[in-house]
Amino acid sequence: MQTATFNRFSTKNVVPFFIIAVLYTLWCHFALGGLRGDHYLFIIGITALFFLADTTRKIVLGFGFILIYWFIFDSIRLIPNYEINPPLNIAEPYLAEKAWFGISTAEGILTPNEYFDKNFTNTFLDIYTAIVYISWIPIPLIFSFYLFFSKQRVKMVNYLFGFLMVSQLGLIFQFIYPAAPPWYVAKYGFEENLSIPGNPGRLIEFDKYFGTHLFEGMYALNANVFAAIPSLHCAFPIILIFFSYKYKFKGWLTLGIILMFSTWFSAVYTYHHYIIDVICGVATALLTVFLYQLLMKTKVKDWLERYGKAVS
């Protein structure tokens, strides 16, 4: 509901928004090779929310860390991680996985990905793991909206700050150590092929079963194909668990724990990560929690407090 004090088109709001919107549009056009369909939806959606009502404007402003995440993730396609720190690591993670977590079979030692693929796949697991694996997008948003609409917006910005922290810390590690995911080895072997698009791995079975192109289309647009280590999919639930525990949300804590273990299994089952990647993702999340708590002893805590109150 629109408040009486909402000033939709004040110069104070319109000018900064217009400048940012124009700069973003120019960035997409000239730096990223042109505006895609998702860029148009993003720009139109944010503009509509910003000028619709006081509440929707506060959603846009309150979700600033998510917008920063989107901008950075979309922009890393400019300079792939394997160009920053070559070469692409293909065989090393695969062979390490076999050495540390290999499963002995009549066909020889298999990675857990290969073992599941040959002995432990069915339609239920294909659907369940696909739903779990894509939940890294809606679950953080739903949790954030829950905090927003329950008037706990200081907690919301703290959670989103933690989300941004873990994503950027993981991105740094991914640029330090570019690594091919398991589906790459299954499809291309150890030969380096840097021109390929992203691949849905076993998630394609979900698309086949329901006749969709959800995962196929999503991974075709992936801006960071060779980013298997660490697995951020496996890190995100731990951030949810930490803040759920911190703020004593028992229901969300239970969901976070279920999601955490389900995501770990799904990452391996769907051929997107080795167990090594999962462990590195967990370590990245724990490091993020440690750094966040250090920052809460500095002026960052006060800044987040003011930020949360400003969008309340």
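Analyst: First, the burial terms: buried means under 20% relative accessible area, exposed over 50%, and partly exposed in between (1.4 Å probe, protein chains only). Asp38 is partly exposed, at 24%. This is a predicted model: local features need pLDDT of at least 70, side-chain atom pairs count only at pLDDT 80 or more, and totals for chains, interfaces and linings use all residues. Residues are numbered from 1 along each chain as its sequence is written, and side-chain values use heavy atoms, with hydrogens and water left out.

User: What does Asp38 form a salt bridge with?

Analyst: Asp38 pairs with Arg36, at 2.7 Å from N to O. A salt bridge here is a side-chain nitrogen of Lys or Arg within 4 Å of a carboxyl oxygen of Asp or Glu.

User: And what about Asp74, buried or exposed?

Analyst: Buried, at 2% relative accessibility. Asp74 also bridges to Arg36, at 2.9 Å from N to O. That pair links distant parts of the chain, 38 residues apart: Asp74 is in helix α4 (residues 64-75), and Arg36 is in the loop between α1 and α2 (37-52). Helices are DSSP runs (H or I, at least four residues), numbered from the N terminus.

User: How far apart are Lys58 and Asp54 in helix α3?

Analyst: They are 4 residues apart in α3 (residues 54-62), so about one helical turn separates them. Lys58 is buried at 19%, and Asp54 is buried at 15%.

User: Which residues make up the salt-bridge network?

Analyst: Arg36, Asp38, Asp74 and Arg77, joined by bridges that share partners. The structure has 8 salt bridges by this rule.

User: New topic. How many disulfides?

Analyst: 0, taking a disulfide as a pair of cysteine sulfur atoms within 2.5 Å. Cys234 is in none, and the nearest cysteine sulfur, that of Cys280, is 11 Å away. Cys234 is buried, at 0%.

User: Where is Thr284, and what does it touch?

Analyst: Thr284 is in helix α16 (residues 275-295). Thr284 is buried, at 2%. Leaving out residues up to four places away in sequence, Thr284 touches Val166, Leu169, Gly170, Phe173 and Pro230. Contact means heavy atoms within 4.5 Å. A polar atom of the Thr284 side chain lies 2.8 Å from the backbone oxygen of Cys280.

User: Last one. Is Phe18 buried or exposed?

Analyst: Exposed, with a relative accessible area of 54%. Phe18 lies in helix α1 (residues 11-31).

Methods. Helix = DSSP H or I, 4+ residues; strand = E, 2+ residues; numbered from the N terminus. Polar contact = N/O pair within 3.5 Å; in protein donor to acceptor, adjacent residues only side chain to side chain.
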